[in-house]
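Please consult the sequence and the structure shown here before reading on.

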Amino acid sequence: MSIEVSQVSKRFGDFTALDDVSVSLPSGKLTALLGPSGGGKSTLLRIIAGLEHADAGTVRIEGTDATHLPPQRRNVGFVFQHYAVFRHMTVAKNVAFGLEIRRRSHAPWTAASRAERARIAERVDELLHLVHLDPFASRLPSQLSGGQRQRLALARALAVDPAVLLLDEPFGALDAKVRKELREWLRRLHDDVHVTTVFVTHDQEEALEVADEIVVINEGRIEQVGSPDQLYDSPANDFVMGFLGDVTTLGGRRVRPHDIELLTTPTRVDAVEGTISRVLRIGFEVRLTVLTDVGEVVTVELTRAQATGLGLREGATVFLAHDEPAHRRILQPV
């Protein structure tokens, strides 16, 4: 495992940010720390980075005990939500900065260092091409879009070949369209570079779409760790189920709205009768609100084609049942 967090706790005054947290984050994977605001995910990331110190517990990175190491000795790259690039430097200079600092820490520049300067320039060109910013090498950050500035921040973090890349809500300051584009780009980038990556997000869709593994954190504790499919299909508890997607209740049982079978005739003995009180179309999806005869308000999700084929409308009588494996279909009107 690339990162091992063991029995880590952290308090800020009377507030417990992390409570005896232990988790293993796999090497070479893209892991999401997912949870509500104030749940502890950013605190955990900052403790891994060395930007916060735990009150108790240990952190190991690549087999090394990093618990008391300063950030610069942990071999991690860190990307904040608000870019954190040097405004007075060009795009290329921003990416080269860490490489030059690392070189100067070993020995001063001399005429004999021309080859090293050339290697840095080559590495900068390589990274700018990787993040699709090579046409903007000579521009200042203020001349870039928000998405471009965040790609610049990622390139700068990758420049020093970190063992671990840590991203704290990297796309949180961007609009929805740019967020979607960048998370798709991040997934492709990770597949190219294979650096162990951990990112914090409160966006469930972002985590499900991008991550190899998700760590769900709430109130300073880990609720569940697993792949997106494992967490969505087999949530450990009601919190995980509710946080990873929409939930509704039918017959006292909590289910996903798309896991309810909707019938226009009572062809199943276990079906519950109800009346459609609302039909809401959202793009390709149609959400129905159904008031059942036993007083439950149930949300049902269908595709637009399914809803159109059934001729559904407000006030119509329908029948709802749990969509068990033998019944995974929408019955057409007879």
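## Strand pairing and burial

T31 stands opposite E213 in β9. The model is a predicted one, in which local features need pLDDT of at least 70 and side-chain atom pairs count only at pLDDT 80 or more, while totals for chains, interfaces and linings use all residues. Residues are numbered from 1 along each chain as its sequence is written, and side-chain values use heavy atoms, with hydrogens and water left out.

Strands (E, at least two residues) are DSSP runs, numbered from the N terminus. Two strands are said to pair if DSSP finds at least two bridges between them. A residue is called buried when its relative accessible area is under 20% (1.4 Å probe, protein chains only).

**Strand β9 and its partners.** Strand β3 (residues 30-34) runs parallel to β9, and four bridges join the two. β9 is also joined to strand β10 (residues 221-226) by five bridges, in the antiparallel sense. Within this pairing, I214 has G226 in β10 as its bridge partner. β9 and β10 form a hairpin with two residues between them, and E219 in the turn has a positive phi of about 50°.

How is β9 placed in the structure? Six of the six residues of β9 (residues 213-218) are buried, so this strand is largely enclosed by the rest of the structure. E213, V215 and I217 point one way, whereas I214, V216 and N218 point the other way, and all are buried.

A like description applies to β7 (residues 164-168): five of its five residues are buried, so it is largely enclosed by the rest of the structure. V164, L166 and D168 lie on one side and L165 and L167 on the other, and both faces are covered.

| Strands | Sense | Bridges |
|---|---|---|
| β6 (residues 76-79) and β7 | parallel | four bridges |
| β7 and β8 (residues 196-201) | parallel | five bridges |
| β15 (residues 285-292) and β16 | antiparallel | seven bridges |

**The open sheet.** Five strands form an open sheet in the order β13-β17-β14-β15-β16, with antiparallel pairing. Its edge strands, β13 (260-263) and β16 (297-303), each pair on one side only. From one strand to the next, the twist averages 45°, where axes are lines fitted to C-alpha atoms and angles run from 0 to 180 degrees between N-to-C directions.

Definitions and conventions
Buried means under 20% relative accessible area, exposed over 50%, partly exposed in between (1.4 Å probe, protein chains only).
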